[in-house]
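The sequence and structure come first.

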Amino acid sequence: MLEAIDLSKSYNGSTALDSLNLKIEPGEIFCLLGANGAGKTTTINLFLNFIEPSSGTVRINGLDVTREPLATKKFLAYIPEQVNLYRNLTGVENLEYFTALAGGKYSRTELMGFLGEAGLPEGAAERRVGEYSKGMRQKVGIAIAIAKRAQALLLDEPTSGLDPKAANEFSELLLKMRDGGGAILMATHDLFRAKETGTRVGIMKRGCLMAVLNTDEIGHADLERIYLDHMHD
Ligand code: ATP
């Protein structure tokens, strides 16, 4: 569903991503770990076609994102660290607006249903987003992905700044989307959540994917040790 083939990106001659090869199948959560500046956001932005590759190919559901940008967007939902919503609209009004932008038309009951699935109670859905916590905004982001029936989900540090309970709820939602057949790529600094939620984790350093590990084959302490070993020069 998500595929990078020899994917590279340079900015002014300096390499941000170096020949990435990665395939994420439906029902998989791939967590990308790495220090600040390792190339995680660059990878996600290439999948989103926000930036153009210097070389290589990105495919979503077999389609090249630079050749078929509109068709590939249909499969995708994106949740950044801060989900951008209209502060003066309620949660349900935001959902209505963003799903309409993607060509969806839903009744109020359906919209409330999506928000409920994402864990936002009805009372909250009718409050203005300006009053929301970060965790509540992330839930609206998930509701948008659910309504869009996105088959691929790209997440850039979605749990950073969430309290442990909110981060746990968020991870539960990701697992539900994975079980529904979603292919998920998540950049994160949270080793614990990566091990708990991810099917595989990738360790990135200076634009290179150094290691890929199956989370069911390692413990939390192993992951931390392997990660730190890779961070040494
Ligand atoms: P973080 O954990 O801090 O979010 P990251 O792993 O997401 O880091 P990237 O944002 O992908 O890292 O950055 C990779 C490299 O590309 C860094 O060296 C960064 O300075 C560089 N870079 C990213 N965007 C640009 C840009 N627009 N112009 C020039 N260099 C950039």
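## Ligand site

A polar contact here is a pair of N or O atoms within 3.5 Å. The model is predicted, and the distances below are read from its atoms. An oxygen atom of the ligand is 2.8 Å from an N or O atom in the side chain of Thr41. For the side chain of Lys40, the distance from an N or O atom to a ligand oxygen is 2.8 Å. For Thr42, a side-chain N or O atom is 2.6 Å from an oxygen of the ligand. The ligand taken alone exposes 640 Å², of which the protein buries 59%.

Which residues are around the ligand? They are Tyr11, Ala16, Ala35, Asn36, Gly37, Ala38, Gly39, Lys40, Thr41, Thr42, Glu157 and His189. By class, the shell divides into four nonpolar, six polar and two charged residues. Helix α1 (residues 40–47) supplies the largest share of this shell, three residues.

## Four-stranded sheet

Four strands form an open sheet in the order β2-β1-β4-β5, and the pairing is antiparallel. Why is one side of β2 and of β5 left without a neighbour in the sheet? Strands β2 (14–24) and β5 (63–64) stand at the edges and each has a single partner strand, so one side of each has no neighbour there.

Strand β1 runs antiparallel to β2, and seven bridges join the two. The hairpin formed by β1 and β2 has two residues between the strands, and Asn12 in the turn has a positive phi of about 45°. Strand β1 (residues 2–11) also pairs with β4 (residues 55–60), in the antiparallel sense and over five bridges. Leu2 stands opposite Ile24 in β2 and opposite Ile60 in β4. Glu3 stands opposite Arg59 in β4. In a regular strand, side chains alternate between the two faces of the sheet.

Helix α1, the source of three shell residues, lies across β1, β2 and β4. Its direction is at about 120° to that of β1.

## Six-stranded sheet

The other sheet described here is open and has six strands in the order β6-β7-β8-β3-β9-β10, with mixed pairing. Its edge strands are β6 (76–79) and β10 (208–214), each pairing on one side only. On average, neighbouring strands of this sheet are turned by 15° against each other, direction ignored.

Lys205 has Cys208 in β10 as its bridge partner. Which strands does helix α9 touch where it packs on the sheet? Helix α9 (residues 220–231) touches β3 (28–34), β9 and β10. The direction of α9 makes about 20° with that of β9.

## Summary

Helix α1 contributes to the ligand shell and lies across three strands, β1, β2 and β4. On the six-stranded sheet, helix α9 is in contact with β3, β9 and β10.

Key. Residues numbered from 1 in each chain as written. Predicted model: local features only at pLDDT ≥ 70, side-chain atom pairs only at ≥ 80, totals over all residues. Heavy atoms only, no water. Near = heavy atom within 4 Å. Polar contact = N/O pair within 3.5 Å; in protein donor to acceptor, adjacent residues only side chain to side chain. Areas by Shrake-Rupley, 256 points an atom, 1.4 Å probe, with all protein chains shown as cover. Nonpolar A, V, L, I, M, F, W, Y, C, P; charged D, E, K, R; others polar. Pairing = 2+ DSSP bridges. Contact = heavy atoms within 4.5 Å. Axes fitted to C-alpha atoms, helices over the stretch in contact; angles between N-to-C directions.
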